[in-house]
Amino acid sequence: MARDYDKAASRFLNALRRFTHGLETQRQRIIDRAANAPKLFEGSDFEVTNHGANPGTDLDYYIYELGRIRAAGISIIKVFRRPDELVAAQAAFEAGIPKLKDIRDPLTHVNDNDELDEVAWFSNVVNLKPGGRVEGLVDPRHQHHDYAMAYSAALMTYLSKHIQAAIAARDAPEPPPSSTP
């Protein structure tokens, strides 16, 4: 069975629009909540927003949407035979949010293990280390969001160009019949 790349591009593009919208929606909720919440360690390198009893739902969904964009990108790259620009965009995304898989997998596939025991949800997700050190895992407020949006934009641009080329090819006038016998 031959693959219909035009339909695949359309399907992926529609999905990416939903995932990106979800990412933006959750980010805005986090930012809005953080704007009115008290700060812990204010002014230090470890400043975090105290969300109090908030269970981190928006952060959970933010991480979930990051994972959906990541998974879609992997599929798109495979289906469209590893285009160089998408492979590079994926590498930048993975390098920009290196702890995404560390937090997303145990968050979405809960087991009886210690993978999330030292993880805390503030206005970002951190891993609390011995001696009071903090390791950032996912922060929707800054560069992590920028990496996600750049990756999503690269994927959508590639798919949009594919669809535009397919439309142009379909609408192109047929060449006149050859007069050569």
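## Overall make-up

Of the contacts in the chain between residues at least 6 apart in sequence, 69% join residues at least 24 apart, a contact being heavy atoms within 4.5 Å. The model is predicted, so local features need pLDDT of at least 70 and side-chain atom pairs count only at pLDDT 80 or more, while totals for chains, interfaces and linings use all residues. Residues are numbered from 1 along each chain as its sequence is written, and side-chain values use heavy atoms, with hydrogens and water left out.

The secondary structure comes to 5 helices and 5 strands. Helices (H or I, at least four residues) and strands (E, at least two) are DSSP runs, numbered from the N terminus. Read along the sequence, their pattern is α-β-β-α-α-α-β-β-β-α. The chain has 181 residues, and buried residues make up 36% of them. Buried means under 20% relative accessible area, exposed over 50%, and partly exposed in between (1.4 Å probe, protein chains only).

## The three-stranded sheet

An open sheet of 3 strands has the order β3-β4-β5, with antiparallel pairing. β3 and β5 stand at the edges, each with a single partner strand, so one side of each is left without a neighbour in the sheet. From one strand to the next the twist averages 35 degrees. Angles run from 0 to 180 degrees between N-to-C directions, and axes are lines fitted to C-alpha atoms, for helices over the stretch in contact. Two strands pair if DSSP finds at least two bridges between them.

Strand β3 (residues 119–121) is joined to β4 by 3 bridges, and Trp121 stands opposite Val125 in β4. These two strands, β3 and β4, form a hairpin with 3 residues between them. Helix α2 (residues 57–79) lies across β3, β4 and β5, running at about 60 degrees to β5.

Asn127 lies in strand β4 and stands opposite Glu135 in β5. Asn127 is buried, with a relative accessible area of 17%. Leaving aside neighbours within four places in sequence, Asn127 is in contact with Glu118, Val119, Arg133, Val134, Glu135 and Leu137.

Val48 belongs to strand β2 (residues 48–49). Val48 is buried, at a relative accessible area of 8%. Not counting residues up to four places away in sequence, Val48 touches Pro38, Lys39, Leu40, Phe41, Phe122 and Asn124. Ala34 is 14 residues from Val48 along the chain, and their C-alpha atoms are separated by 9.2 Å.

## Surface

The accessible surface of the chain comes to about 11,100 Å², of which 52% belongs to carbon and sulfur atoms. Accessible areas come from the Shrake-Rupley method with a 1.4 Å probe; for residues, only the protein chains shown count as cover.

Leu40, Phe41, Phe46, Leu128 and Val134 make a nonpolar surface patch of about 430 Å². Patches are made of residues with over 30% relative accessible area and no salt bridge: like charges are joined within 9 Å, nonpolar side chains (Val, Leu, Ile, Met, Phe, Trp, Tyr) within 5 Å. Val134 is in strand β5 and is partly exposed, with a relative accessible area of 34%.

## Salt bridges

A salt bridge is a side-chain nitrogen of Lys or Arg within 4 Å of a carboxyl oxygen of Asp or Glu. By this rule the count comes to 8 salt bridges. One of them is formed by Arg33 and Asp58, with the closest N and O atoms 2.7 Å apart. This pair links distant parts of the chain, with Arg33 in helix α1 (residues 5–36) and Asp58 in helix α2, 25 residues apart. Arg33 counts as partly exposed at 34% relative accessibility, whereas Asp58 counts as buried at 8%.

The side chains of Lys129 and Glu135 meet in a salt bridge at 3.7 Å, N to O. Lys129 is partly exposed, with a relative accessible area of 32%. Another salt bridge joins Arg141 to Asp139, the closest N and O atoms being 2.7 Å apart. Arg141 is partly exposed, with a relative accessible area of 23%, and Asp139 counts as buried at 13% relative accessibility. Salt bridges that share partners join Lys99, Asp102, Lys129 and Glu135 into one network.
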